[in-house]
Amino acid sequence: MLRFDLTDEQRKLKEEIRTYLDSHITPELLNELKENPDGGPLWSQYIKELGEDGWLGIGWPIEYGGQGRTPLEQYIFLEEIERTGVNIPFITLETVGPTLMKLGTEEQKNYFLPKILKGEVEIAVGYTEPQAGTDLASLQTRAVRDGDSYVINGQKVFTTNAHMADYIWLAARTDPDAPKHKGISIFLVPTSLPGFSVTPMNLIGERSNVSYYDNVRVPLSALVGEENKGWEYITTQLSLERLMLSTYSRMERMIEETITWASENEFDGARVIDQPGVRDSLAELTVEMEILRLLNYRAAWGHSNEKAAPYRPSMNKVFAAELNQKVFDTCMQVMGMFGQMETGSEWAVADGYAPEHAKKRLVYLFGGGANDVQRDLVARFGLGLPKS
Ligand SMILES: Cc1cc2nc3c(=O)[nH]c(=O)nc-3n(C[C@H](O)[C@H](O)[C@H](O)COP(=O)(O)OP(=O)(O)OC[C@H]3O[C@@H](n4cnc5c(N)ncnc54)[C@H](O)[C@@H]3O)c2cc1C
C-alpha cells in the first residue's frame, strides 16, 4: 500500500537539510543578493559548498557524484531549498540534468552531470520564440548540418538566466520538411561562442533575456541524444520543470510568517489572528497546501515507480500556480498595508517576503506551459478524454 507521507528517515533528512541551510545562508549572503540578484562571490561559494557537501545530487546516482537516493529525497531537498528564498541553478539541476541523464549521449553525461552536481555549470533553456510560445512546435530557429558542425540561426525570447549561463539547452529545427513535432533537435550551445548574444527583458520582479544566434557554429557533439528527437527531450524536461514549479514551501513559509504577524498585532482592540475571517482563511489555505504537498510527494515518488503518468506534473502545476496566487493574495490582505511593504522598508513583514514572492510567482500561471493547456493535458492523459 502506498504511504502518503514521509517516512521517519525522510523527515529526519528534511530537518537535517533545514539545519544545514539555516547555518549556510548568512546575513552577508542575503545582503549580497539584495545588491545583486544574480549573485556574487558569496553566492557562488554557497552553491559550490552545497555541491561539495553532497546536497545537490541527493537523489542522483552515485556514478555521477550523487548520493544514490530516490527522486523523492531530491524533491525534499528542493522543497527545503525553495523555502529559503535563495535561488540555486534550479533549471540546470532539477530539469536539464535529469533529462540528460535519461536521454543524453554517454559523453554528455560524463561531462555535464558531475559538473552540475559540483555547481560548476549553469544551463539556460531556449525554447520560446516571438511566434512560438504555447505552440512551441512552430519554432523557427534553424540548425543546419555543415560538415562536422551545425550552424545555428534564430532568436529566442524569455531565455531566463542566459546572461549568466555557460550553455543554452536550445531547441532548433533540423528537418524543416518533417511534421513540425518531428523535425526538432536539442543542442547544448556554449554561450562563449561567436555569434551568440543576449539583451535583457525586464519582467515584473525579475530579469529574463532575448537570446540571438547568428551563425553560431557548434560541433556535432553539441547535439543532445539523437537528431529530430527533440520533442521527446523537450517534454521530458518540461515535465520535470512543472514538478519543480509546484513546490509548496514558499507558500508554507508565507502562511507561517502571516500567523506570527497576526498573533503579534492587533486590529480594533483584538489580535488579528482572533478574527474569525482571518482564522477561516488561514485554515483553508493550510488544508489546500496539505493537498498540494501530498500531490507532489505522489508525483516525485512516481518518477521512479511509474511508467507513464505524464499528466501528474501538469495537474500539480495548475493546482500549485493557482494556490500560490491565493496564498500570497490572502496573506497580504490579512497583513493589510504592512503586507505590501517591500524589502528595505522598516514596516516590511519578514523583510518583504510577501510582495517579493507574490510578484515572482505570477509567471507560474503560464511558465512551464500555460495552465489552460495543462488542463487539456490532464483531461487527455489523466481522464482519457478526446483531444479538444
Ligand atoms: C518570467 C518568465 C520566465 C520564462 N523563462 C523561460 C525560459 O527560461 N525559457 C523559455 O524557453 N521560455 C521561458 N518563458 C516563456 C514561457 O514558457 C512562455 O511565456 C509560455 O510558454 C507561454 O508562451 P507565450 O508567452 O508566447 O504566450 P502565448 O503562447 O501567446 O499564450 C498566451 C495565452 O494564451 C492562452 N493560450 C495559448 N494557446 C492556447 C491553447 N492552445 N489553449 C488554450 N489557451 C491557450 C494561454 O492562456 C496563454 O497564457 C518564460 C516566461 C516568463 C514570463
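## The ligand and the salt bridges

By class, 8 nonpolar, 4 polar and 2 charged residues make up the shell around the ligand. Keep in mind that this is a predicted model. The ligand is surrounded by 14 residues, and the closest are Thr 128, Thr 134, Phe 158, Thr 160 and Asp 372. Domain 2 (125–227) and domain 3 (246–382) each give at least three residues to this shell.

A nitrogen atom of the ligand has a polar side-chain atom of Thr 128 at 2.7 Å. Thr 134 places a side-chain N or O atom 2.7 Å from an oxygen atom of the ligand. With Phe 158, a backbone N or O atom lies 3.1 Å from a nitrogen atom of the ligand. On its own the ligand exposes 970 Å², and the protein buries 61% of that.

What about charged pairs? Side chains of opposite charge can pair when their charged atoms come close. The structure holds 22 salt bridges, including these:

| Salt bridge | N to O distance |
|---|---|
| Glu 106 and Lys 109 | 3.2 Å |
| Lys 180 and Asp 135 | 3.3 Å |
| Arg 375 and Glu 322 | 2.9 Å |

Arg 375 sits in helix H12 (residues 371–382) and Glu 322 in helix H10 (residues 311–334), so this pair links distant parts of the chain, 53 residues apart. Arg 375 is partly exposed, at 45% relative accessible area. Glu 106 and Lys 109 are 3 residues apart in helix H6 (residues 106–117), so about one helical turn separates them. Lys 109 is buried, with a relative accessible area of 11%.

Definitions and conventions:
Residues are numbered from 1 along each chain as its sequence is written. This is a predicted model: local features need pLDDT of at least 70, side-chain atom pairs count only at pLDDT 80 or more; totals for chains, interfaces and linings use all residues. Side-chain values use heavy atoms; hydrogens and water are left out. A residue is near a molecule or strand if one of its heavy atoms lies within 4 Å of it. A polar contact is a pair of N or O atoms within 3.5 Å; within protein, one must be able to donate a hydrogen and the other to accept it, and residues adjacent in sequence count only if both atoms are side-chain atoms. Accessible areas come from the Shrake-Rupley method with a 1.4 Å probe; for residues, only the protein chains shown count as cover. Ala, Val, Leu, Ile, Met, Phe, Trp, Tyr, Cys and Pro count as nonpolar, Asp, Glu, Lys and Arg as charged, and the others, Gly among them, as polar. Domain bounds come from an automatic or database domain assignment. A salt bridge is a side-chain nitrogen of Lys or Arg within 4 Å of a carboxyl oxygen of Asp or Glu. Helices (H or I, at least four residues) and strands (E, at least two) are DSSP runs, numbered from the N terminus. Buried means under 20% relative accessible area, exposed over 50%, partly exposed in between (1.4 Å probe, protein chains only).
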